[in-house]
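Visitor: I would like to learn to read this fold feature by feature. Could you take me through it?

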Amino acid sequence: MMTLGILGGGQLARMLCLDARRMGVRTVVWSGTPTAEPTEGVADILIKRNFDDAEAHGEFCRQVDVATVEFENIPLETLKSVEAAVGLYPSAESIGISQHRSREKTFLKDHGIPCAPFALVNSIAELEAAYAEIGPTTVLKTAAFGYDGKGQVKITSAEQLKTAWESVQGEPSVLEGFVDFQCEVSVLVARGFDGRCLAFPVAENEHRNHILDLTIVPARVSAETLAEAEATAIRLAGELDYRGLLAVEFFVEKSGRVVVNEMAPRPHNSGHYTMNGCVTSQFEQQLRSVCGLPLGSAELLSDTVMVNLLGDMWNPDLQVDEIHATEGAKLHLYGKSSPGERRKLGHVNVVGGKDVEARARHLKGKLLS
Ligand code: AMP
């Protein structure tokens, strides 16, 4: 029996473990934290120790045949030593690129992949110079460890530069041109050991307070835009010489042209729709690509809308009935017991029939009320 090692113990690891168990693959999760509720009782072995713990490193590597990650913010030294010991997919190099906005943006630019205009800024003077080039409407983002809109500030006039710089606490940052988009879409691609690459159907994403709220599939954009997003994601995976699952987020400009916002070297919240909407889930596909199995079909079985369950709209005692009473609603919970406002506690996929969006929006309205 094959054993898959997973770095990180959150909900993405949980859902990967569940698919692995179904497929007869053992899992060892190294959470990097003292608690890892989502993978408790789901991983075959759970190591709840920091990523710089040498003993944990030995225990993890001794037991696994190959390793992958469920999030990118893992110390590069840990990634490299796991890679050397057992093999890591995606590679430490690919993960390292997406750990840092400046490395990611530079990679995109160097490989001719469209993204918003940007400049790397390390001081207020550099920020002022970059703003003069890219302004007037821009977004300043810290280069490291940003997600869900954290470490981001919109700047629309030169007077705001000083306050913006203070708000990122002088951290190395990226100033980006603001994209006046018609919508945001994402593409998940898997690239196997033989270089074969398969894209899942393009997903359209709506955010609430900078956090993903709804994913609608198929995305409601032109056939040209769908093809361009898919081709760009596949090209990016090729340029990275990637193996594993890659998520690519795009802005769709008013013209229909796509520009890459960011990428993630792992399954993605916007790919949860695949769990009920596609022949193969994104987690099964990650497992297949990492473990050297043939990729599964990414065909869409049903129009699907995914609703994220955030801490501010989820009270299991009151609301579970609403979900079960909604036709075609499939509930996925992450086993988290302390609901923070912005915490992702689970999601619902609404499938079957042509009115999935109406059913999903109705359900969301009920959950928020
Ligand atoms: P990020 O964490 O970079 O994915 O940003 C979170 C959200 O902020 C995105 O999904 C967009 O809705 C918005 N955003 C970020 N960067 C830009 C940009 N350059 N132009 C327009 N909107 C942006």
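**Helices, then the sheet**

Guide: Start with a helix pair. The axes of helix 2 (residues 54-63) and helix 3 (residues 76-86) come within 10 Å and cross at roughly 35°. Axes are lines fitted to C-alpha atoms, for helices over the stretch in contact, and angles run from 0 to 180 degrees between N-to-C directions. Helices (H or I, at least four residues) and strands (E, at least two) are DSSP runs, numbered from the N terminus. The model is predicted: local features need pLDDT of at least 70, side-chain atom pairs count only at pLDDT 80 or more, and totals for chains, interfaces and linings use all residues. Residues are numbered from 1 along each chain as its sequence is written, and side-chain values use heavy atoms, leaving out hydrogens and water.

Visitor: Which residues of helix 2 and helix 3 meet?

Guide: Contact means heavy atoms within 4.5 Å. Here His-57, Phe-60 and Cys-61 of helix 2 meet Ser-81, Val-82, Ala-85 and Val-86 of helix 3. By class, this contact has five nonpolar, two polar and no charged residues. Ala, Val, Leu, Ile, Met, Phe, Trp, Tyr, Cys and Pro count as nonpolar, Asp, Glu, Lys and Arg as charged, and the others, Gly among them, as polar.

Visitor: Now the sheet. In what order do the four strands lie?

Guide: Strands of a sheet pair through backbone hydrogen bonds, either parallel or antiparallel. Two strands count as paired if DSSP finds at least two bridges between them. In this model the open sheet has the order 3-2-1-4, with parallel pairing. Strand 3 and strand 4 (66-69) stand at the edges with a single partner strand each, so one side of each has no neighbour in the sheet. The twist averages 20° from one strand to the next.

Visitor: Why is strand 2 largely enclosed by the rest of the structure?

Guide: Buried means under 20% relative accessible area, exposed over 50%, partly exposed in between (1.4 Å probe, protein chains only). Four of the five residues of strand 2 (residues 26-30) are buried, so the rest of the structure largely encloses this strand.

Visitor: How many bridges link strand 2 to strand 1 and to strand 3?

Guide: Strand 1 (residues 3-7) pairs with strand 2 over five parallel bridges. Leu-7 stands opposite Trp-30 there. Three bridges join strand 2 to strand 3 (residues 45-47), also parallel. In strand 3, Ile-45 is the bridge partner of Val-28, and Ile-47 that of Trp-30.
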